[in-house]
Amino acid sequence: MKKILASVALVGAVALAMTGCATDGGSGGGGGGGGDELITVGFAQTGSESGWRSANTESLKTALSEENGFKLVFNAADNKQEAQIAAVRSFINQGVDAIVIAPITVDGWDDVLKEAKDAGIPVILEDRTVSASDDLYASWVGLDFEKEGELAGQWAVENADGSNLVVLEGTTGSSAALDRATGWSKALEGSTIKTLDSQTGDFTRDGGKKVMEGFLQKYGSDINLLFAHNDDMGLGALDAIEAAGLVPGQDIKIVTIDAVHDGMQALADGKFSFIVECNPLLGEKVADLVKKVLAGESVDKRTIVEDQTFTQDQAKEALPTRPY
Ligand code: GZL
């Protein structure tokens, strides 16, 4: 609907411009239908739960800036799904030109995505994804979370087979946690790694520390391998491990995902053993998708950004030039 309106509006705007009385050509908010007015974008971010999230927010704010032709309406939902859905409803009521969402969990999005579609406002998903039908959003750009989990698991099987494992899971119901767990389990098939326990730490340092304290109280020095779905929970777990008189990287090998600065520092210091990167710098791709969708151009439904992995030596080498 929006595309047809945009095309008609664009033709109208061109016609009117020739008579010296151009309109903004957009239905909804600002200049989404063409012309040199700013494109108004509502961005519903998960919150500020981790170092990765801060880098992702910075990347999108930089790309969706006024100098790049955007007026950004930003909301961080404090990791609460209902608050994030309310933010999207608010963007619809404001009549923004486009909506960007980093969906906290996969479920619960059908109704509000239908409302955005009915309002003729295109939605672009970044980072995590949703279980709703993909005709309810224009495009998704993010990472291959299952591959990230599989790469982490492959390292564990090659370097820590036979270990007693505990897992700090990401936010329950998030595509990042669900898919990383799938990839990890796939990699461990046929190995002799024994999973003692697995619990969510909600992607936060505090969550990782609290859950690791519980694991240590229950299993003590039997634990010799930790898989944390992100660096921040692994960093929180370091406090608990050291408080228990154990040496991280020696008594307990730690594998994490993200490769944010503090995680890479822990890896370079020998406290972490292996990290699989999850690239948060998605801003330019999101901005490009917004402009193309509003211009009525066809775009890929899914765009996956490549990741890489780091050993302790590779972290020492990469740290000085890491952008986040
Ligand atoms: C992954 C992203 C996850 C990160 C966490 O793309 O959704 O959420 O791994 C962040 O650090 O909180």
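At 32% relative accessibility, Asp-202 counts as partly exposed, because that class covers what falls between buried, under 20% relative accessible area, and exposed, over 50% (1.4 Å probe, protein chains only). Asp-202 lies in the loop between β7 (194-200) and α7. Its phi is near 60°, a positive value in a residue other than glycine. Most residues other than glycine have a negative phi.

This is a predicted model, in which local features need pLDDT of at least 70, side-chain atom pairs count only at pLDDT 80 or more, and totals for chains, interfaces and linings use all residues. Residues are numbered from 1 along each chain as its sequence is written, and side-chain values use heavy atoms, with hydrogens and water left out.

Now step back to the whole protein. Its secondary structure comes to eleven helices and twelve strands. Helices (H or I, at least four residues) and strands (E, at least two) are DSSP runs, numbered from the N terminus. Of the 324 residues, 52% count as buried. Contacts come next: two residues are in contact when they have heavy atoms within 4.5 Å. Take the contacts with a separation of 6 or more: residues 24 or more positions apart account for 74% of them.

Asp-127 also has a positive phi, about 75°, although it is not a glycine. Asp-127 is found in strand β4 (residues 123-127). With a relative accessible area of 3%, Asp-127 is buried.

Move on to helix α7 (residues 205-219). How does α7 pack with helix α8 (residues 231-243)? Two packed helices are described by the angle between their axes and the distance between the axes. Here the angle is about 45°, and the axes are 7 Å apart. Axes are lines fitted to C-alpha atoms, for helices over the stretch in contact, and angles run from 0 to 180 degrees between N-to-C directions. α7 and α8 are therefore oblique to each other. Angles under 35 degrees count as roughly parallel, over 145 as roughly antiparallel, 65 to 115 as roughly perpendicular and the rest as oblique. The crossing of α7 with α8 is right-handed. That word applies if the near helix is turned clockwise from the far one by less than a right angle, while anticlockwise makes a crossing left-handed.

Which residues meet there? On the α7 side, they are Arg-205, Gly-208, Lys-209, Met-212, Glu-213 and Leu-216. Their partners in α8 are Asp-232, Met-233, Leu-235, Gly-236, Ala-237, Asp-239, Ala-240 and Ile-241. The residues of this contact divide into seven nonpolar, two polar and five charged. Ala, Val, Leu, Ile, Met, Phe, Trp, Tyr, Cys and Pro count as nonpolar, Asp, Glu, Lys and Arg as charged, and the others, Gly among them, as polar.

α2 passes α10 in a right-handed crossing. Ser-59, Leu-60 and Ala-63 in α2 meet Gly-283, Glu-284, Val-286 and Ala-287 in α10. This contact divides into four nonpolar, two polar and one charged.

Now look at some single residues. Is Thr-256 buried or exposed? At 0% relative accessibility, Thr-256 counts as buried. Its place is in strand β9 (residues 253-258). The side chain of Thr-256 makes a polar contact with the side chain of Asp-231, at 2.7 Å. A polar contact is a pair of N or O atoms within 3.5 Å; within protein, one must be able to donate a hydrogen and the other to accept it, and residues adjacent in sequence count only if both atoms are side-chain atoms. Leaving out residues up to four places away in sequence, Thr-256 touches several others, including Phe-272, Phe-274 and Val-276.

Helix α6 (residues 175-188) holds Lys-186. Ser-175 is buried, with a relative accessible area of 2%, whereas Lys-186 is partly exposed, at 38%. A polar atom of the Ser-175 side chain lies 3.0 Å from the backbone nitrogen of Thr-129. Beyond four places in sequence, Lys-186 touches Glu-146 and Glu-150.

Finish in helix α4 (residues 110-118), where Glu-115 lies. Glu-115 is partly exposed, with a relative accessible area of 30%. Apart from its neighbours within four places in sequence, Glu-115 is in contact with Arg-89 and Ile-92. The side chains of Glu-115 and Arg-89 are joined by a polar contact of 2.7 Å.
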